[in-house]
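Subject: Structure handover and notes

Dear colleague,

I am passing on the structure below, and my notes on it follow directly after. Please read them with the coordinates open beside you.

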Amino acid sequence: MKFSNFYMLLLAVLFIGCSESDDSGSNNDGGGNSFTLTLNDGSFWTYDVENGANTTRDSLYISNDTLINGRTYKKFKTKDNVASGFYTASLRNNGLRLNNNELLLSGDLSLAGGVNLPVNFDLTLDDFKIFKNNATVGSQLSVKSGIIQENVNGFPITVNYNLKSFAGENYESFTSPNGDSYSNVKSTIIRLNVTITTVQEIIPGFPINITVLTPQDVIVSTQYIASGIGVVHTNTDTSYSINTTIASELGIPASGSQNQKEFLDTYEIN
């Protein structure tokens with residue numbers, strides 16, 4: 001593992017939380033096993049992103065303060081505005097803020113970045129809770145539900161979605177699949193459940209609702225966050241299955257399955 005200017009502070013990137021205890025945004029949970037966080041301009045992290053046999057590289061950094069709905073956030077950007085990983089794509093051009101042991105995300109979450117879904121759509125989030133320090137394992141942190149109207153190859157599509165975050169496991173020590181080891185690690189889980197329907201007139205004048213995608217968890221992403229470092233590993237599974245006849249009529253793949261892994265390579269905390 002390569003280190004750069006390690007100050008024993010933590011950046012909470014997509015999925016971490018803590019309290020706003022001072023002007024720098026740093027946090028300590030006050031217990032013997034403290035978990036520290038800071039959000040400072042110029043801090044950066046690079047990740048190796050594995051999609052099967054392909055490996056790409058993402059560079060994520062804190063750019064500046066930004067005002068969203070009257071609240072101040074730290075804005076995250078990626079080098080050359082490129083993000084192939086689900087985690088880095090989720091933070092790109094969005095804002096994070098600390099409040100009462102929680103990390104809140106606001107902005108436009110692009111679900112096209114780094115994952116394969118039958119349709120592409122974005123979600124607008126307002127203070128979506130992506131992490132709560134010392135939350136009970138398995139507890140739900142936040143939920144965002146909604147309906148999106150799309151057009152796929154001339155067919156009107158209705159997407160019903162539920163985006164939820166959950167508190168994951170706590171680890172005194174954690175070994176990433178690439179062999180890197182870390183201490184004092186917390187995890188968080190993001191689940192996107194989707195139902196897709198369309199309307200067709202098999203008989204003129206009599207529209208019929210047709211289920212394209214039954215309710216399914218199409219994205220399950222787990223982030224592992226090490227105290228003093230930030231997100232060190234992300235594992236994201238994407239999968240869906242559609243009736244082959246309906247998929248053929250819509251001109252989209254009937255199924256898809258993908259596993260993506262993001263590994264921290266280098267970082268600098270300012």
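To begin with a charged pair, Asp-217 forms a salt bridge with Arg-191, their closest N and O atoms lying 3.3 Å apart, where a salt bridge is a side-chain nitrogen of Lys or Arg within 4 Å of a carboxyl oxygen of Asp or Glu. This pair links distant parts of the chain, since Asp-217 belongs to strand S10 (residues 206-226) and Arg-191 to strand S9 (residues 181-203), 26 residues apart; helices (H or I, at least four residues) and strands (E, at least two) are DSSP runs, numbered from the N terminus. Asp-217 is partly exposed at a relative accessible area of 35%, and Arg-191 is partly exposed at 32%, with buried meaning under 20% relative accessible area, exposed over 50%, and partly exposed in between (1.4 Å probe, protein chains only).

Before going further, please note that this is a predicted model, in which local features need pLDDT of at least 70 and side-chain atom pairs count only at pLDDT 80 or more, while totals for chains, interfaces and linings use all residues. Residues are numbered from 1 along each chain as its sequence is written, and side-chain values use heavy atoms, with hydrogens and water left out.

On the other salt bridges: by the rule above, the count comes to nine. Side chains of opposite charge can pair when their charged atoms come close. One of the bridges joins the side chains of Arg-71 and Asp-127, at 3.3 Å from N to O. The two residues come from distant parts of the chain, with Arg-71 in strand S3 (residues 71-78) and Asp-127 in strand S6 (residues 122-132), 56 residues apart. Arg-71 counts as partly exposed at 24% relative accessibility, whereas Asp-127 counts as buried at 19%. Both residues also belong to a network of salt bridges that links Arg-71, Arg-97, Asp-126 and Asp-127. A further bridge brings together the side chains of Lys-74 and Asp-65, at 2.6 Å from N to O; here Lys-74 is buried, with a relative accessible area of 17%, and Asp-65 is partly exposed at 44%.

As for the overall architecture, the secondary structure comes to two helices and twelve strands, which follow the pattern β-β-β-α-β-β-β-β-β-β-β-β-α-β when read along the sequence. Of the 270 residues, 52% count as buried. Among the contacts (heavy atoms within 4.5 Å) with a separation of 6 or more, residues 24 or more positions apart account for 60%. The protein exposes about 11800 Å², of which carbon and sulfur atoms supply 45%, the accessible areas coming from the Shrake-Rupley method with a 1.4 Å probe and, for residues, with only the protein chains shown counting as cover.

Strand S11 (residues 230-241) may be worth a look in your viewer: nine of its twelve residues are buried, so the strand is largely enclosed by the rest of the structure. S10 and S11 run antiparallel and are joined by eight bridges, given that two strands pair if DSSP finds at least two bridges between them. Within that pairing, Ser-221 stands opposite Thr-236 in S11. The two strands form a hairpin with three residues between them, and Gly-228 in the turn has a positive phi of about 85°. S11 also pairs with strand S12 (residues 255-268), in the antiparallel sense over nine bridges, and there the bridge partner of Tyr-240 is Gly-256 in S12.

Two individual residues complete these notes. Ser-187 lies in strand S9 and counts as buried at 5% relative accessibility. The side chain of Ser-187 reaches the backbone nitrogen of Glu-169 at 2.7 Å. Not counting residues up to four places away in sequence, Ser-187 touches several others, including Phe-131, Tyr-171, Thr-222 and Tyr-224.

Thr-88, placed in helix H1 (residues 86-91), counts as buried at 0% relative accessibility. Leaving aside its neighbours within four places in sequence, Thr-88 is in contact with Tyr-47, Asp-58, Leu-60, Thr-78, Ala-83 and Glu-262. Thr-88 and Lys-77 are eleven residues apart in sequence and 8.7 Å apart in space, C-alpha to C-alpha.

With best wishes

Definitions and conventions
A polar contact is a pair of N or O atoms within 3.5 Å; within protein, one must be able to donate a hydrogen and the other to accept it, and residues adjacent in sequence count only if both atoms are side-chain atoms.
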